[in-house]
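Subject: Structure handover

Hello,

My notes on it follow below.

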Amino acid sequence: MQELSSDIQESMHATSAMTRSDEFRQEFAIGRELPSALQALERISMNFFWSWRPEGVELFQELDPALWQVHEQHPRALLRNVTELRLWQKAADAEYVGKVERFAAELDTYMAATEAKIDVGTDISTDAPAAYFCAEYGVHNSLPNYSGGLGILAGDHLKSASDLNVPLVAVGLFYRFGYFRQNIAHDGWQREHYLDIFQSDTAVESVIGESDERVTVAVEIRGREVLAQAWKAQVGRVSLYLLDTNLPQNQETDRLITGHLYGGNAETRIVQEKVLGIGGVRLLRKLEIAPAVYHLNEGHSAFLTLELAREQIIETGSTFAEAAGKAGARCVFTTHTPVAAGNDVFQPSLLRQCFSDSYLSELKLTEEEFFALGRVEPDNVDEPFGMTPFALRMTRSANGVSEKHGEVSRELWAEMFDGSSPITHVTNGVHPPTWIAPGFQRMFAEKIGNQWHEKVRDASGWATAVSLLSDEDIWHEHLRNKNLLIAFLRERSKRREIGLRDTINERLETSDLFSADVLTIGFARRVAQYKRWDLLLSDLERLLKLVDHPERPVQFLFAGKAHPQDDTAKRILQELMSINHDSNWQKRAVFIEDYDQEVARYLVHGVDVWMNVPRRPYEASGTSGMKAAMNGVLNLSILDGWWIEGDNGINGFSIESDVAGGDEAGIDVAEAEAFYSKLEDEIVPLFYDKGGDGSPHGWIARMRNSIETLTPAFSSDRMVSDYFQRIYKK
Ligand SMILES: *Cc1c(COP(=O)(O)O)cnc(C)c1O
């Protein structure tokens with residue numbers, strides 16, 4: 001039922017989008033010529049480098065601040081829509097033109113650098129790069145190609161690979177309708193809608209081959225040749241290739257293969273994964289890129305191993321086993337889920353429909369042999385085809401995304417390895433220039449030096465650098481970020497016209513909403529059972545006591561999406577929306593709709609405490625807490641995922657209970673108790689313990705420790721170095 005309704009909804013809006021005139025784009029041009037003094041802006045807008053430099057963001061913001069908001073920080077939509085008058089005013093503004101020129105020069109210098117910042121060994125080079133495959137990429141909101149953590153992680157991976165100047169190309173899919181946009185209606189129920197990327201001015205360019213033709217690849221799907229064209233997004237020095245089946249040559253249904261990220265049913269998923277894996281390898285061949293190593297970031301792209309094996313067989317005539325061995329020797333796999341049920345599994349009957357006999361016979365595989373590759377127990381015909389077992393079997397190395405998750409994964413898949421599982425781990429990281437607030441970055445540049453982000457790569461050098469910041473510096477910047485956040489949430493809570501959509505945000509007066517003096521706790525994450533949104537609400541009386549405290553109140557900010565097909569999660573959201581007590585809750589708790597990268601940035605910059613209460617051990621890593629930590633926002637977290645490695649007793653707060661085993665309900669009760677006590681007994685008193693100068697020095701000491709210790713350890717520079725030096729290297 002649920003699946004059906006979501007399918008119908010998707011195909012309905014897709015059909016109506018199809019009938020719109022602009023259903024296919026040759027190019028994403030901005031459609032106008034800029035004054036010559038500002039022409040560099042167009043070039044700057046085509047490389048996402050601008051998005052991780054505060055001066056880059058300011059260039060566009062300053063061009064027209066109001067329009068920048070209207071177009072949701074989309075540079076090319078801004079360049080298309082800014083008025084002629086405003087353009088010429090800025091073209092005549094020497095100071096602004098100077099900034100444009102300086103930034104263009106910075107971009108050129110950045111792009112021209114040739115030296116890698118880390119040693120990548122001898123097998124990997126510009127001619128033989130690492131090829132990174134992922135189903136989603138969260139580079140920037142103006143490229144809406146992600147749903148959440150996995151995509152943001154992939155985006156940060158590319159940015160750090162670029163900053164470190166290491167050879168890497170990336171492959172993904174170009175989703176016409178992306179992931180859903182969220183609003184919460186008056187009844188508290190989540191509503192979803194989609195935007196059409198073909199109606200936008202996305203910063204991608206078509207990939208053109210040697211004889212001036214569009215580069216396309218063909219993949220056999222549903223018994224037909226389906227064509228996919230390639231777009232390229234430039235992420236600093238890294239090229240991100242995105243495959244798109246929305247071509248007039250394809251049948252209507254095939255054009256929608258790359259329609260929705262994680263949309264449709266299992267069949268949609270298989271055909272998308274064929275385009276990504278098989279089409280992706282074929283694209284690299286067309287571009288004459290010969291990767292030394294293929295990184296399967298999560299199992300979605302695992303079919304690429306089949307294509308590599310097929311190439312081997314064609315070349316050498318070998319058996320499948322031999323060919324798969326050779327192919328696998330070039331492939332590494334990262335798993336992201338700590339529960340078996342979180343992994344894609346497909347029924348053999350469905351796979352049979354999606355894979356033709358001829359593909360399997362080219363692989364010299366029978367159907368049964370093929371299905372066996374995706375089973376934990378190859379001979380168990382009742383077991384469906386799992387992308388994780390398949391990827392584990394077909395790659396030379398596998399890793400989880402935190403130390404704990406490595407351990408959990410070894411246990412989870414032990415059966416496949418006769419007890420001695422080789423699964424290791426590389427702990428996730430986040431990209432400091434993307435996630436550290438511009439104000440902090442400016443202060444770092446001033447006190448530490450323009451190249452402060454290079455210092456982050458060396459933990460002891462960074463510690464020395466951070467000691468140059470005074471308590472006042474840190475607190476002052478934090479308060480600025482907090483005030484920005486409050487202004488943002490007031491803006492978001494105001495009554496506004498959003499077409500025919502129903503929304504909870506309809507306040508006329510917002511000045512009584514939140515206060516910068518009040519301890520502010522942020523909780524933003526996917527609404528999924530294991531994230532335990534309901535833990536906070538488990539004792540409403542105690543919660544409201546915290547919120548209503550006369551001298552030392554607490555305020556809460558929430559954001560997060562529920563999967564469109566997950567009604568249980570939507571009910572949790574509805575419950576949260578329905579708290580309507582005779583208390584300050586309405587003034588001190590806000591839910592921000594449509595959690596995305598932009599919302600995440602405001603939140604991790606501006607709250608005082610970042611809360612995370614997953615059920616152990618289901619948080620493979622978690623990355624939002626790392627973003628908060630780098631901004632001096634203190635984590636309050638269950639000891640799970642990355643926080644087990646991060647916590648040092650003073651750089652945040654841990655929620656611990658002494659219930660070891662026991663049932664889930666019992667653990668929930670104990671951890672809720674530990675959570676409330678931690679807040680009441682430790683966090684609230686410390687935050688409000690202010691010195692004569694009005695600043696909470698005990699608190700600031702912890703903020704400093706968080707910035708000092710967690711920034712280098714959980715930077716994506718460290719993560720990408722680990723991948724190159726431990727995983728990509730043979
Ligand atoms: C960082 C981020 C996530 C992942 O955060 P978790 O800690 O893994 O929940 C999800 N969505 C957005 C928009 C993010 O920026």
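Start with Pro 617. Pro 617 sits in the loop between strand 18 (609-612) and helix 27. Helices (H or I, at least four residues) and strands (E, at least two) are DSSP runs, numbered from the N terminus. The peptide bond joining Arg 616 and Pro 617 is cis, with omega at about -5°.

Some ground rules. This is a predicted model, in which local features need pLDDT of at least 70 and side-chain atom pairs count only at pLDDT 80 or more, while totals for chains, interfaces and linings use all residues. Residues are numbered from 1 along each chain as its sequence is written, and side-chain values use heavy atoms, with hydrogens and water left out.

Backbone

Most residues other than glycine have a negative phi, and most peptide bonds are trans. Two residues with positive phi are worth a look. Arg 222 has phi near 50° and is not a glycine. Arg 222 belongs to the loop between strand 6 and strand 7 (224-235). Its relative accessibility is 27%, so Arg 222 counts as partly exposed. The classes are buried (under 20% relative accessible area), exposed (over 50%) and partly exposed (in between), with a 1.4 Å probe and protein chains only. Glu 288 is the other residue on my list, with a positive phi of about 55°. Glu 288 is in the loop between helix 10 (266-286) and strand 9 (293-297). Glu 288 is exposed, at 64% relative accessible area.

Ligand site

The ligand is surrounded by 14 residues. The closest are Lys 531, Ala 600, Thr 623, Ser 624 and Lys 627. By class, the shell has four nonpolar, six polar and four charged residues.

- Ser 624: an N or O atom of its side chain is 2.5 Å from an oxygen atom of the ligand.
- Lys 627: the corresponding distance to a ligand oxygen atom is 2.6 Å.
- Lys 531: a polar side-chain atom lies 3.2 Å from an oxygen atom of the ligand.

The protein buries 92% of the 390 Å² that the ligand exposes when taken alone. Areas come from the Shrake-Rupley method with a 1.4 Å probe; for residues, only the protein chains shown count as cover. Helix 8 (149-164), helix 26 (597-606) and helix 27 (624-630) are the elements that give two or more residues to the shell. Why does the ligand lie between domain 2 and domain 3? Domain 2 (130-428 + 724-728) and domain 3 (435-714) both give residues to the shell, so the ligand lies between them. The domain bounds come from an automatic or database domain assignment.

Helix 26 is mostly covered, with nine of its 10 residues buried. Among them are Glu 598, Ala 600 and Arg 601. At the start of helix 26, a side-chain oxygen of Asp 596 comes within 3.1 Å of the backbone nitrogen of Glu 598.

Asp 596 also meets Asn 141: their side chains make a polar contact of 2.8 Å. A polar contact is a pair of N or O atoms within 3.5 Å; within protein, one must be able to donate a hydrogen and the other to accept it, and residues adjacent in sequence count only if both atoms are side-chain atoms. The side chain of Asn 141 has a polar contact with that of Tyr 146 too, at 2.5 Å. Asn 141 is in the loop between strand 1 (130-133) and helix 8. Asn 141 counts as buried, at 17% relative accessibility.

Cysteines

Cys 134 is buried, at 1% relative accessible area. Cys 331 is buried as well, at 0%.

Best regards

Technical notes. Near = heavy atom within 4 Å. Nonpolar A, V, L, I, M, F, W, Y, C, P; charged D, E, K, R; others polar.
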